[in-house]
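The entries below keep to what I looked up.

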Amino acid sequence: MRGRKFGFLIIMFALMTFLAACNNDEKASTKEGTKENAKYKEEINVAVTAQPPTLDSAVTVSAVALDITGNIFEQLYTLNADYEPTPMLAESVDVSKDGLTYTFKLREGIKFHNGKEMTSEDVEASMNYWLKTSSRAKTLLEGAKFTAADKYNVKLTVKQASSDVLILMSSQAQFPSIMPKEIIEGAGPDGVKEYIGTGPYKFVEWKQDQYIHLTKYDGYQSVDSKPSGFAGKKEAPTKDLFFHFVTDHATRIAGVQSGQYDLADSIPNENYDQLDADKNVKLDALPNGTLTAFFNTNQGLLANEKYRQAILAALNNDEIMLASFAKPDLYSLDASYMNPKQTQWATNAGKEYYNQADTKKAKKLLKEAGYKGEQITLLTTKDYAEMYSGTLVIQEQLSKIGMNVKVENFDFPTFLETKNDPSKWDIFLASTGYQLTPAQLLPVTPDWAGLNNTTVKEGLAAIRGAASQEEAKAEWEKVQAYLYKYGSSSVLGHYYSVVATTNKMEGFELFEAPIVWNAKVKE
């Protein structure tokens, strides 16, 4: 009796398992079918903050221009999500033992948007145009030259070995677009006159004061690797991209909430909570730069290093950043002058001088320096709210340690003009975007805040001349530690940029810019 009952139970269990499996297969099939049958829009509408001055990447530092051109043009090397130079139109590079010659092997069969095959002649013309036109290339690669070796190989010769050559070529700021030779030869003083590249989208129309329209390039040949930052596979699943010029913040925000725009760039901090509460909107944020305090090391009271160290001891960076960016979600504290996510350079060297908030130490240093109530001037501008708000907090913090502090406020052009006269200021704040190499940072640029220091210059030369990335980083750690000890400047914190998208968008990535070439939007 027991045996029969047990056998019956086995049969029933097997039947139930079979039915469950069938049911699961049916559900999976239904779910898969839904995914396959999902309909997507034929266009993505992006609201950007301004009309770009040009789409010639080599001649502009406009972020809006560079965000758009990244869909049209490509580089020999670009950056992956770890900020590593990664082949794009080049297949590989061979560097000579002395570090003075780079031989780039090009990918074969790549076609420009006009149907012409890309060869070394086009690359030679494009890269030499970049060397001549880009202010950064002219400064950091002075005397460099590209030469076509054969149809698919190009040589770069540099005057001195540098550890950052590929990083400079991969940078988005004034990036070197590869275009047909004849387009480069037709360039005028304001840049090229036609926008023809190799990217996943090609230029269609620029309607002044309204939008730029790009459409999918059917002949695009992607690299076959996982998407990562600006590198990897580009699929262009959406036919058309429209970049609308929407300078008014409220209009951009209302547009992304209503569905008029699928993406809105540069969301103001004060609107973060409003959009965060909207279930139809998704917010993406990433570190985008530093709010930095610059000290006058040449004239006035702060020419004395002890006064600069007293001020550093007094600063409460959390208070400054909260006043400047409104929410803890929109900033972070880190002593690194470079992007903390950029592992090649990020370091906390000098952190003992960072965010001390030690009024007792600050007062002691002031007394040792012999402070007698002399007035110091904080230079600022209301045109950038974060700079002005942070300046007022610093005024309050320095007043608490007994300093006599005056704030001078100007419009931004006058602020820049006044900054260049060291007799008119002691401290100013600036929100500055990230750079890819230490040599490009404003805190080490003599023309920015007047820092003319032999130790810093020698350190930067050692970084660029290092034999390996590891050696270059070790040299940069010495320079960053020195900047804090010397007290010429201080990172106050890292601010985030916020982008809003519809929650129906798939495949979108926010890296150094909003990346939409793999994005699509459900209807």
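My entries on a sheet and on the packing of helices follow.

Entry 1, basis. I worked with a predicted model, in which local features need pLDDT of at least 70 and side-chain atom pairs count only at pLDDT 80 or more, while totals for chains, interfaces and linings use all residues. Residues are numbered from 1 along each chain as its sequence is written, and side-chain values use heavy atoms, with hydrogens and water left out.

I took helices (H or I, at least four residues) and strands (E, at least two) as DSSP runs, numbered from the N terminus. I counted two strands as paired if DSSP finds at least two bridges between them. I found an open sheet of four strands in the order 4-5-7-6, with antiparallel pairing. Strand 4 (90–95) and strand 6 (145–150) are the edge strands, each pairing on one side only.

Ser-92 stands opposite Lys-105 in strand 5.

I read angles from 0 to 180 degrees between N-to-C directions, with axes as lines fitted to C-alpha atoms, for helices over the stretch in contact. Helix 9 (residues 305–314) packs with helix 16 (residues 469–486) at about 95 degrees, their axes being 8 Å apart. Helix 9 and helix 16 are therefore roughly perpendicular (65 to 115 degrees). Their contact (heavy atoms within 4.5 Å) includes Arg-308 of helix 9 and Tyr-484 of helix 16.

Technical notes:
Angles under 35 degrees count as roughly parallel, over 145 as roughly antiparallel, 65 to 115 as roughly perpendicular and the rest as oblique.
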